[in-house]
Amino acid sequence: MLTKIKFLVTLVLGFIVLSSCGVKNEGDTSSASNSNIVELDFWSFWGGGDRKEVIEEIINDFNESQDRIKVSHKYQPWGDIWTKSLAAISAGNPPDVIVQDINSVSQRAEAKQNTNLKEYMTEDLGSTFYPQLWDTALYKDEPYGIPFNTDTRVIFYNKKIFKENGLTESDIPATWEEMEIIAKKLDVKKGNSFERIGFYPLWNIETDTWAINGDSGKSWFDASGNVAINTPEKVETLQWIMDWKKHYGTETIEHYEAEFGSGVSDPFLSGLVAMRSDNINYFTNINESAPDDFEFGVFELPERKNGTGHWTWGGGFVVEIPYGAAHPEESYEFMKYLTSEKVQMKFGEKSFDIMANQNANVNLVNGDSLSDDGKMIYKMADHAFSKTVLTPVPLNAPGYNTTLQAKIDEVLLKGKDPQKALDEAQKTIEEMSQK
């Protein structure tokens, strides 16, 4: 009897095995190997244009390069992505990889919102990136993100306007004083109205950038984390900006600001402004909207005076693993792919973002995939980055910027004395940081 039962069990098991090995039904795409694939959710704010196209192409390349990990891209609107990420982390269901602001990496690390990458790194990635980018991605000397892309502020100038006024590349202003002289030479004023403006410093970059530029690369906090707001150099910088405002007048400045926008309404592209400060990937606007005969050049921010340095500001983004993500090892593998040299070159040549991988930028300058203007942009970016300062949010004064900007607005909008305004900001933010 026992022998018969064993025979029946064997027969049934054999039938089950044969059934499972049979021909799959149409539409059934499951396989034994698919059950081992790790699926990753990648969140970014690249939902349109060249960035969306290139990131999805890169993800497809990664998925086809191996058979263990499959990445899906989910677009989250700018601004929403970070609030949704926080909610997902709190709910215990975060994305596997996310694009995050580089200057707040330490804040998220302290709040346990991102993942320490040290245990997943088998190589030293630090030398791959511009040093200040890598340093900003560290918290207590350990990596919590990998730099992806960045930017730097420079000056774009209209070559035709320069030529028409007898100026050549040798006349490009190197100091604040030279900038004032050249700008006034390029002004066109009829009666009380300016028909062309040579340069105004607060169009498209912030007071913060000029404060760094004027104070030899020192931000609102010094290297030791001490508040450095009311330094003589920053007071001078704020007064310098006020002098520009007085030269053109509030009415003229507000009129031109209303003209700034996309496409041909941009006063720089239409020849109403001779020099314009901006993030270096403003080049994409020129490519898309400038007249066919538009000629431009680019130079670094002038230094306050000879020897103080052509300092500027940059920001950018990292890729991170949110805290509690389910597949950190596989997530790290995808992040390493995103920040590799060839992939960074591919993203850069389509988006004209400055890539965090230094060799990628240098290769774009020396390669043959870009136009001469494109190579010029990457060459200037690589050059300017030696004087580009990042400003990670200080952990002991995370809300300092609201207080500081209110005081700066009192100067720019209400005419308050720069020294007094910055003294008040210094005192308030020192008290904030001590608490």
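**Close-up views of a predicted model**

**View 1. Glu330 in helix α12.** E330 belongs to helix α12, which spans residues 328-338, in a structure that is a predicted model. The residue is buried yet forms no salt bridge. R68, the nearest side chain of opposite charge, is 5.2 Å away, which lies outside the limit because a salt bridge requires the nitrogen and the carboxyl oxygen to be within 4 Å. Leaving aside residues up to four places away in sequence, E330 touches V38, L40 and I69.

**View 2. The W176 and W210 ring pair.** The model contains 36 aromatic pairs. In one of them, the ring centres of W176 and W210 are 6.5 Å apart and the planes meet at 75°, so the pair is edge-to-face. The pair links distant parts of the chain, with W176 in helix α7 (residues 176-186) and W210 in helix α8, 34 residues apart. W176 is buried at a relative accessible area of 3%, and W210 is buried at 0%.

**View 3. An aromatic cluster and a charge over Y282.** Ring pairs join F156, F268, Y282, F283, F294, F296, F352 and Y378 into a cluster. Over the face of Y282 lies R276, at 3.9 Å from the ring centre.

View 4. D141, a residue other than glycine, has a positive phi near 65°. D141 sits in the loop between β4 (138-139) and β5 (142-143), and its relative accessibility of 71% makes it exposed. N204, likewise not a glycine, has a positive phi of about 85°. The loop between β9 (193-196) and α8 (207-214) holds N204, which counts as partly exposed at 31% relative accessibility.

Definitions and conventions
Residues are numbered from 1 along each chain as its sequence is written. This is a predicted model: local features need pLDDT of at least 70, side-chain atom pairs count only at pLDDT 80 or more; totals for chains, interfaces and linings use all residues. Side-chain values use heavy atoms; hydrogens and water are left out. Helices (H or I, at least four residues) and strands (E, at least two) are DSSP runs, numbered from the N terminus. Buried means under 20% relative accessible area, exposed over 50%, partly exposed in between (1.4 Å probe, protein chains only). Lys and Arg count as positive and Asp and Glu as negative; His and the chain ends are not counted. Contact means heavy atoms within 4.5 Å. Rings of Phe, Tyr and Trp (its six-membered ring) pair if their centres lie within 6.5 Å; planes under 30 degrees apart count as stacked, over 60 as edge-to-face and the rest as tilted. A charge sits over a ring if NZ of Lys or CZ of Arg is within 6 Å of the ring centre and within 35 degrees of the ring normal.
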